[in-house]
Amino acid sequence: LKYDYLKAEDAASVSRIIIDVGEASDLTVICYLTGKDGIGIQDTRIHAAAGAKVHLVQIYEAGAEARVISSIGGRYEEKAGLDLIQVVTGNGDISLGCFANLAGRKSYLNIDNGYLMSGKGTFDINYINNIKIRKI
């Protein structure tokens with residue numbers, strides 16, 4: 001998926017990606033998001049059924065006047081999980097967030113990120129895991 005979230009005629013752009021992965025499935029999604037100016041907002045929602053594996057790669061390239069907000073929310077059932085890779089370049093203002101509801105036994109979240117910012121841009125990351133612990 002290649003998405004130029006800010007075209008010349010747009011002041012702002014909002015997109016939503018919904019990923020619903022069935023039992024024991026394996027899915028890889030690669031998103032390349034680029035923009036020079038304005039505001040780009042991306043909302044990604046994920047549901048991974050038992051045993052499902054989601055591999056999400058997000059590459060952001062933001063111009064000096066760009067503002068990027070990316071939010072990921074997901075629910076992961078038993079033995080399901082998300083492998084998230086985020087790569088950020090540019091000099092705009094970028095905020096990334098991920099909330100993972102690890103609802104099932106042995107569900108997981110793995111995150112790798114890399115960033116190279118220049119200029120006066122800002123970079124903000126918020127990652128949250130919600131883990132339900134059962135009494136033994």
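This is a predicted model: local features need pLDDT of at least 70, side-chain atom pairs count only at pLDDT 80 or more; totals for chains, interfaces and linings use all residues.
The protein contains eight strands and zero helices. Along the sequence, its elements accordingly read β-β-β-β-β-β-β-β. Contacts between residues 24 or more positions apart make up 85% of those in the protein with a separation of 6 or more.

Strand 4 takes part in several pairings. Strand 3, spanning residues 26-48, and strand 4, spanning residues 53-76, are joined in the parallel sense by 22 bridges. Within strand 4, E61 lies opposite T34. Strand 4 also runs parallel to strand 5 (residues 81-90), to which ten bridges connect it; here A62 faces G90 of strand 5 as its opposite residue. A further parallel pairing, again of ten bridges, links strand 4 with strand 6 (residues 93-102). In that strand, C98 is the bridge partner of I72.

Of the 136 residues, 40% are classed as buried. C31 is counted as buried because its relative accessibility is 1%, under the 20% cut-off. C98, the residue paired with I72, is likewise buried, because its relative accessibility of 3% falls under that 20% limit. As for covalent links between cysteines, the count of disulfides is zero, the criterion being a pair of cysteine sulfur atoms within 2.5 Å.

Methods. Residues are numbered from 1 along each chain as its sequence is written. Side-chain values use heavy atoms; hydrogens and water are left out. Buried means under 20% relative accessible area, exposed over 50%, partly exposed in between (1.4 Å probe, protein chains only). Two strands pair if DSSP finds at least two bridges between them. Helices (H or I, at least four residues) and strands (E, at least two) are DSSP runs, numbered from the N terminus. Contact means heavy atoms within 4.5 Å.
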